[in-house]
Amino acid sequence: MTHLVLAIDTATPAVTAAVVRRDDTGIAVAGQRVRVDARAHAELLTPNVLASVAEAGLRMADLDAVVVGCGPGPFTGLRVGMATAAAYGHALGVPVHGVCSLDAIGVLTTGEVLVATDARRREVYWARYRDGVRVEGPEVGAAADIAVGAADRVAGPPEVAAGFGLPGIEPHYPTAAGLVAAVGDWAAEPGPLLPLYLRRPDAKTLAERGVAR
């Protein structure tokens, strides 16, 4: 039986939306839009979703599930994708599965691989994978402080991978196929969507900054 899944990720500068066909034989992307723009997640995501559904020759009502990357990622971009995924799930009455966005890269790799994406502040989000299975992370830190272990390649944006002195490989960003493949058990009831910020957002309330009202 074929299941139609809307895949969304905004944990990186890549604003990704796709319709993925999932069945017993594997995963196939039926329609996809990806735009790389770190400042336009909110503006690009919904048009990307609608274009992907149209490219697949479907209607929103045809979708059976939604999968969304839950980070790690910057606060503003990440919440755009998660809120949108939750809204589509509620409107369509379909389950919404949250996955680690780094897994949407790492699950497609083989051998010992480090996956790293930009965390700003001269830091990276990272996790280590062995034959597509996460064995360490996700964490955040400076590239110079990260023990790569047995990893001999780095998947992620080329400018991030370059900081480790190892060969860079694709995928550079979370992929639609990776998002769907990262869901552990499609038959299980999905849990609540929990963002992986790994650190507090830059913006703070007055109370957090110790400012009296």
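Colleague: How far apart are the end C-alpha atoms of helix H2?
Modeller: They are 26 Å apart. H2 covers residues 75-92, and at 1.5 Å a residue its 18 residues should span 26 Å, so the two agree. Keep in mind that this is a predicted model.

Colleague: Which residues of H2 are buried?
Modeller: Gly77, Leu78, Val80, Gly81, Met82, Thr84, Ala85, Tyr88 and Gly89.

Colleague: And what covers them?
Modeller: The cover includes strands E1 (3-9), E4 (65-69) and E5 (96-99), plus helix H1 (41-55).

Colleague: What comes just after H2?
Modeller: Gly93, with a positive phi of about 70°.

Colleague: Which residues other than glycine have a positive phi?
Modeller: Arg122 is one of them, with phi near 60°. Asp131 is another, at about 50°. Most residues other than glycine have a negative phi.

Colleague: Where do those two sit?
Modeller: Arg122 is in the loop between strands E6 (112-120) and E7 (123-130). Asp131 is in the loop between E7 and strand E8 (133-141).

Colleague: Is Arg122 buried or exposed?
Modeller: Exposed, because its relative accessibility is 85% and the cut-off is over 50%. Asp131 counts as exposed too, at 54%.

Colleague: New topic. Which peptide bonds are cis?
Modeller: Among them is Gly71 to Pro72, with omega near 10°. Pro72 lies in the loop between E4 and H2. Glu170 to Pro171 is also cis, with omega near 0°. Pro171 is in the loop between strand E10 (168-169) and helix H5 (176-181).

Key:
Residues numbered from 1 in each chain as written. Predicted model: local features only at pLDDT ≥ 70, side-chain atom pairs only at ≥ 80, totals over all residues. Heavy atoms only, no water. Helix = DSSP H or I, 4+ residues; strand = E, 2+ residues; numbered from the N terminus. Expected span 1.5 Å × (residues − 1). Buried < 20%, exposed > 50% of the residue type's maximum accessible area, 1.4 Å probe, protein only. Contact = heavy atoms within 4.5 Å.
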